[in-house]
Amino acid sequence: MRPRLTLLVTSPRLPAGILTRDAWTALDEAAQVLAADLDDPTPAALVTNGVTVQQVSESRGALAARLVSACAEGSVVWIGSPDADPGLTDALAEELTSSPEPPEVEMLVGSWDPPGARLLDVAAVMDTLRSPGGCPWDAEQTHESLTPYLVEESAEAVEAVESGDREHLVEELGDVLLQVFFHARIATEHEQEPFDIDDVAHGLVSKLIRRHPHVFGDGEASSPEDVERAWEQIKRQEKPGRDAEDLLAGIPRGLPLPYVIAKVRSRVARRGGDEALDQALAVHAERAIANSDQAWSDLRREIDDWRA
């Protein structure tokens, strides 16, 4: 049986000791287990669990030659580094081509990122930007100074949805997500009432579970309309001080008027509907859109005249 070189790839976003059964089998059967740095999370965890790991600090070409030659003594496992060992696969391909008896090579994924794991990267990058030695612009921002960006990024995400450009939508949703993480990171520095991104996520999860009793509890809802009615009822219970008869209650004044009118029309429909009011609101919405378009055209003309 030909010796095997296994390139073990693990997720840097999971606890280092969480590995698949195939990964542990490969480690148990290996004559040698090698890694670039024993202080990296996965090698350190393996050493703690009794696996002998040898440190190899060499250039990519020399490392490839070392891995291939080591297979002469039995199967070898290389523990991938957190930086994904750039250039190693190319160096290995060249080394294997020139080897008279190359070993079998496999890429073994020992752990996968769960959905949402990359959000940990966002939190880490945001923390670096905001911390001493990070970005001076990011360090001086406040909730108030970031407010215009939150509004702007939300509007750009809406435009991306309307455009149908999927790649653009990915980018704009990322910009909106940045605002959430940015505000949460700033909030950790508040002296009296700090909170962090985990508090934000906890509140969101609690709200989603609470407002979906037909999914997470014993509630019933057989249609989207049932869900909307139940959602509004739960909101009224959560916020008893809000005027339940006020169709504008809870709608932010900064929301563009066409969206305000659409929300009001939806509330009217859930309460049994009113044809006369609905028609009046529809006319009001058309007028608001037309006025907005005209105002934008006037602004565009003013800017073009200034540029000329």
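Glu238 is partly exposed because its relative accessible area is 27%, and partly exposed means between the buried class (under 20%) and the exposed class (over 50%), judged with a 1.4 Å probe and protein chains only. This is a predicted model, in which local features need pLDDT of at least 70, side-chain atom pairs count only at pLDDT 80 or more, and totals for chains, interfaces and linings use all residues. Residues are numbered from 1 along each chain as its sequence is written, and side-chain values use heavy atoms, with hydrogens and water left out.

Glu238 has two arginine partners to look at. Its salt bridge with Arg211 (a side-chain nitrogen of Lys or Arg within 4 Å of a carboxyl oxygen of Asp or Glu) has an N to O distance of 2.5 Å. This pair links distant parts of the chain, with Glu238 in helix H11 and Arg211 in the loop between H9 and helix H10 (213-216), 27 residues apart; helices are DSSP runs of H or I with at least four residues, strands are runs of E with at least two, and both are numbered from the N terminus. Arg211 counts as buried, at 5% relative accessibility. Glu238 also forms a salt bridge with Arg210, where the closest N and O atoms are 2.4 Å apart. Here helix H11 (residues 224-238) is linked to helix H9 (residues 197-210), the two residues being 28 apart. Arg210 is partly exposed, at 40%.

The structure holds 17 salt bridges. One of them joins Glu104 and Arg4, at 3.0 Å from N to O. Glu104 lies in strand S5 (residues 104-109) and Arg4 in strand S1, so this pair ties together parts that are 100 residues apart in sequence. Elsewhere, Arg13, Asp113, Arg118 and Asp121 are linked in a network of salt bridges.

The largest pocket holds about 730 Å³, a pocket being an open set of points on a 1 Å grid over the protein atoms alone, where a 1.4 Å probe fits and protein lies on both sides within 12 Å along at least five of seven lines; lining residues have an atom within 4 Å of a point. Its lining has 16 residues, and Ala155, Val158, Pro256, Tyr259 and Ser292 are the closest to the centre. Helix H7 (143-163), helix H12 (257-270) and helix H13 (275-307) each give two or more residues, and H7 has the largest share, with seven.

Notes. Points joined across faces, edges and corners; volume = space filled by probe spheres on them.
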